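This report is intended for a reader who is meeting the structure for the first time. Please keep the sequence and the model at hand while reading the sections below.

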Amino acid sequence: MWHPAELRLFIDITTKCNVGCPMCHRTNPDGCGTADWLPDIDWSIEQFKQAYPENVCKATREFNICGTWGDPIINKDILKIVRYIREVNNDAKILINTNGSLRNDDFWWELGTIGGKKLEVIFAVEGINQEMHERYRQKSFLKKVLNNMDILNNTPAGIITQTIAFKHNEQYLKDIELMCREHGSSHHYVIETNRFLKGSVYNFVNAKGQPETLEQPFINIKQTFTKDEKRPNEEIITMEIDAPEKSKFKKTTKLKTSIKLSNRKPENLSIPKDDLQITCAWANRNRILINPDGQVMPCCYVCNPYFENNDDLMHKHELIKDYKEKDKDYNVFNRNLLDIIKTPWFKKDLKDSFTTNPLKQCVTFCSKNKKSQKYGIEND
């Protein structure tokens, strides 16, 4: 499974956020505020150093400071955290996911200067105007996002952008991408979310107290980006595009567009056991997740229902029951991460469960049918 060299860490350092995305794990869809059960966590630089001491930092190839439970840019010590990583491991890649509508110009300049060319910030841009953008990114301001991208674009750091496709923005996906390019994005993601679990319409109450809906896109996203475009289609989710000769983009001569298609359906859970083959996608990439509470989890698919404690079936599973009995041993505030990934649970028990009694998450996201094509999904 995981090995203690060139780790790719997927980490959360806060549960605070300034926006309220209706389908986000941390959001209460009734008003788009913070979910009542979510603990209030915001890591200090001292906690970060305790959780990721120098030997862990030096063994880490990539720090993906994600926004699953909060926006990393809201963290009070984010600049100190980035500086610490750079001082200990100047070769490590740092990715920061953000809604992008926080902080002032000086902050973004300092972040890009400290992080350098191996820092990339992923901004969420959901529309060509404020009305379209805030339909999903409730309480976020598009003008502020684009301004912050412009400031960062004048530092050595890189800019990546992403757009979740919905019915209300599906006809503007190319326009959104072009706008992002004009503000420095060198890699743009178009995401078909996998969070329409109960149908093609998602009902919620927006931040203004008004009933609203999100709907799945009806167009073929992949076809939209390949039709009449000279983009060699390397694989289903990735296409590359050469920048024009008179490019406005200062950091690269090649741009990249990736399309993440969610083709996971509930019926995929019913694969006959004899036809089932599971390979841990995260372990294969030496990628592991650390939750805001310091718990080390194999992936986000297991982490999310574990942290929310909302999946009774999963919590009754023998593998998870064993984990919970020794959960303090799997916490970076109690034990070094390099030792945690060597424990039997991570090194043997999880892998053994694939052929005996797999978690439904492992079946859904990391399985393939031996008699048919591999199932695929990208997390949003």
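This is a predicted model: local features need pLDDT of at least 70, side-chain atom pairs count only at pLDDT 80 or more; totals for chains, interfaces and linings use all residues.

Beyond residues up to four places away in sequence, Cys299 touches Trp282 and Leu289. A further spatial relation concerns Gln361: this residue and Cys299 are 62 residues apart in sequence, while their C-alpha atoms are 9.7 Å apart in space.

## The chain as a whole

The chain has 380 residues, of which 54% count as buried. Its secondary structure comprises 15 helices and 17 strands. Among contacts with a separation of 6 or more, 74% are between residues 24 or more positions apart.

In soluble globular proteins, nonpolar side chains tend to be buried together. Here the largest nonpolar core contains 87 residues, and the members that touch the most others are Leu9, Phe48, Tyr52 and Leu111. Helix α3 gives the most to this core, contributing 7 residues. Apart from this core lies another, of 12 residues, including Val19, Met23, Tyr136 and Phe166.

Tyr52 illustrates how a member of the largest core is surrounded. When residues up to four places away in sequence are not counted, Tyr52 touches Leu9, Ile11, Trp43, Cys57, Tyr84 and Ile290.

## Salt bridges

Side chains of opposite charge can pair when their charged atoms come close. The structure holds 15 salt bridges. One of them joins Asp40 and Lys16, with the closest N and O atoms 2.8 Å apart. This pair links distant parts of the chain, 24 residues apart: Asp40 belongs to the loop between β3 (33–34) and α1 (45–51), and Lys16 to the loop between β1 (7–11) and β2 (27–28). Asp40 is exposed, its relative accessible area being 61%, whereas Lys16, at 31%, counts as partly exposed.

Another salt bridge is formed by the side chains of Lys118 and Asp91, at 3.7 Å from N to O. The partners again come from distant parts of the chain, 27 residues apart: Lys118 from the loop between α4 (105–115) and β6 (119–124), Asp91 from the loop between α3 (78–88) and β5 (93–98). Lys118 counts as partly exposed at 33% relative accessibility, while Asp91, at 57%, counts as exposed. The side chains of Glu120 and Lys93 also meet in a salt bridge, with an N to O distance of 3.4 Å. Because Glu120 lies in strand β6 and Lys93 in strand β5, the pair ties together parts that are 27 residues apart in sequence. Lys93 counts as partly exposed, at 32% relative accessibility.

## A buried arginine without a salt bridge

What is the nearest side chain of opposite charge to Arg86, and how far away is it? Arg86, placed in helix α3, is buried, and that nearest side chain is Asp91, 7.4 Å away. Arg86 has no salt bridge, because a salt bridge requires the nitrogen and the carboxyl oxygen to be within 4 Å.

Leaving aside neighbours within four places in sequence, the contacts of Arg86 are Ala92, Ile94, Ile114, Gly115, Lys118 and Leu119. Among these, Lys118 is also the salt-bridge partner of Asp91.

## Asn206 in a loop

Is Asn206 buried or exposed? With a relative accessibility of 5%, Asn206 counts as buried. Its position is in the loop between β9 (201–205) and β10 (211–215).

The side chain of Asn206 reaches the backbone nitrogen of Lys208 at 2.9 Å. Leaving aside neighbours within four places in sequence, Asn206 is in contact with Gly31, Cys32, Gln138 and Glu212. Of these, Gln138 is 68 residues from Asn206 along the chain, and the two C-alpha atoms are separated by 7.3 Å.

Technical notes: Residues are numbered from 1 along each chain as its sequence is written. Side-chain values use heavy atoms; hydrogens and water are left out. Helices (H or I, at least four residues) and strands (E, at least two) are DSSP runs, numbered from the N terminus. Buried means under 20% relative accessible area, exposed over 50%, partly exposed in between (1.4 Å probe, protein chains only). Lys and Arg count as positive and Asp and Glu as negative; His and the chain ends are not counted. Contact means heavy atoms within 4.5 Å. A polar contact is a pair of N or O atoms within 3.5 Å; within protein, one must be able to donate a hydrogen and the other to accept it, and residues adjacent in sequence count only if both atoms are side-chain atoms. A nonpolar core is a set of buried Ala, Val, Leu, Ile, Met, Phe, Trp, Tyr and Cys residues joined through side-chain atoms within 4.5 Å.
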